[in-house]
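Please look over the sequence and the model shown here before reading on. The report that comes after them is meant to be read with both at hand.

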Amino acid sequence: MTQRSRVSSRSLAFAGAMAAGLVAPLALAHPGHGVEHGGLAAGLMHPWLGLDHLLAMAAIGLWSLGQGAAMRRFTPLMALAGMLAGAGLALSGALPAGALPGVEGGIALSVLIAGVMVAALMRLPAALGGGLVIALMTMHGIAHGAEMPAAASLVAYVVGFSASTLAITMLARVLGGWLANREQRLVRALGAAIAVCGGVLALS
């Protein structure tokens with residue numbers, strides 16, 4: 001088995017396990033039940049139900065495939081670090097009043113940037129790429145923290161959106177690897193489509 005096959009197998013196994021872990025909570029959850037499940041369902045569902053969050057996380061997962069070994073390995077954790085940093089800013093009250101409208105614009109811009117990174121097959125040094133991933137996902141983390149249900153458990157909510165962040169990023173990597181093995185242009189086209197969506201979100 002080649003190194004690429006071993007990496008793909010590990011990624012697929014991880015993503016499958018993560019997806020399986022999400023099935024049971026999501027099967028129980030439906031709108032209005034995030035608080036009843038202690039915030040776990042709300043945290044799990046938030047990244048999946050927000051198109052901007054879903055596209056940005058997926059794009060970062062796709063982009064990581066073309067990076068060096070360190071970035072391929074640690075990008076999902078960097079995305080999670082950005083999410084946690086942003087949520088911490090929102091939940092601590094450190095953001096100035098009226099900052100959220102600007103954050104929404106930053107989220108749309110992050111989708112556009114992440115899509116362009118995929119479409120251009122942009123390869124960055126680890127320090128620059130890691131910092132960019134964390135910065136982009138910090139915007140999404142702020143939104144997640146600001147939108148936590150008032151009666152939800154903080155720990156359960158954070159665990160929920162953390163699990164979904166890792167799941168989306170890893171699943172996108174599996175999809176990207178599958179597409180790249182067939183036609184690299186498909187990955188670039190998917191990145192371009194994400195970038196267009198980001199542009200539409202930014203203008204809306």
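## Overall architecture

This is a predicted model, and its protein chain contains eight helices and zero strands, so that the order of elements from the N terminus reads α-α-α-α-α-α-α-α. Of the 204 residues in the protein chain, 43% are buried.

The contact pattern can be described by sequence separation: among contacts in the protein chain between residues at least 6 apart in sequence, 82% join residues that are at least 24 apart.

## Confidence along the chain

The average pLDDT of the protein chain is 84, with 81% of the residues scoring at least 70. Confidence is lowest in helix α1 (residues 3–28), where the mean is 43, whereas it is highest in α3, with a mean of 96.

Over residues 1–36 the pLDDT stays under 50, and for this stretch the model has 32 contacts beyond four places in sequence.

## The largest nonpolar core

The largest nonpolar core is made of 31 residues, and those with the most contacts inside it are Trp 63, Val 118, Val 133, Met 137 and Ile 194. The elements that give two or more residues to this core are α3, α4, α5, α6, α7 and α8, and the greatest contribution is that of α3, with eight residues.

Ile 194, one of the residues with the most contacts inside this core, is in contact with Leu 55, Ala 59, Leu 62, Val 111 and Gly 115 when its neighbours within four places in sequence are left aside.

## Helix α5 and its packing

Helix α5 covers residues 100–119, a run of 20 residues, and from its first C-alpha to its last it reaches 29 Å, which is close to the 28 Å expected at 1.5 Å a residue. Just after α5, Leu 121 takes a positive phi of about 50 degrees.

## Two residues in detail

Thr 169 has its place in helix α7 (residues 154–180). With a relative accessible area of 1%, Thr 169 counts as buried because that value is under the 20% cut-off. Not counting residues up to four places away in sequence, Thr 169 touches Met 57, Gly 61, Pro 76 and Ala 79.

Arg 72, which lies in helix α4 (residues 69–92), has a relative accessibility of 28% and therefore counts as partly exposed, a class that runs between 20% and 50%. Leaving aside neighbours within four places in sequence, the contacts of Arg 72 are with Ser 64, Leu 65, Gln 67 and Arg 173, and the side chain of Arg 72 reaches the backbone oxygen of Gln 67 at 2.6 Å. Between Arg 72 and Ala 126 the C-alpha to C-alpha distance is 9.7 Å, although the two residues are 54 apart in sequence.

Conventions: Residues are numbered from 1 along each chain as its sequence is written. This is a predicted model: local features need pLDDT of at least 70, side-chain atom pairs count only at pLDDT 80 or more; totals for chains, interfaces and linings use all residues. Side-chain values use heavy atoms; hydrogens and water are left out. Helices (H or I, at least four residues) and strands (E, at least two) are DSSP runs, numbered from the N terminus. The expected span of a helix is 1.5 Å times one less than its number of residues. Buried means under 20% relative accessible area, exposed over 50%, partly exposed in between (1.4 Å probe, protein chains only). Contact means heavy atoms within 4.5 Å. pLDDT is the predictor's confidence in each residue, from 0 to 100. A polar contact is a pair of N or O atoms within 3.5 Å; within protein, one must be able to donate a hydrogen and the other to accept it, and residues adjacent in sequence count only if both atoms are side-chain atoms. A nonpolar core is a set of buried Ala, Val, Leu, Ile, Met, Phe, Trp, Tyr and Cys residues joined through side-chain atoms within 4.5 Å.
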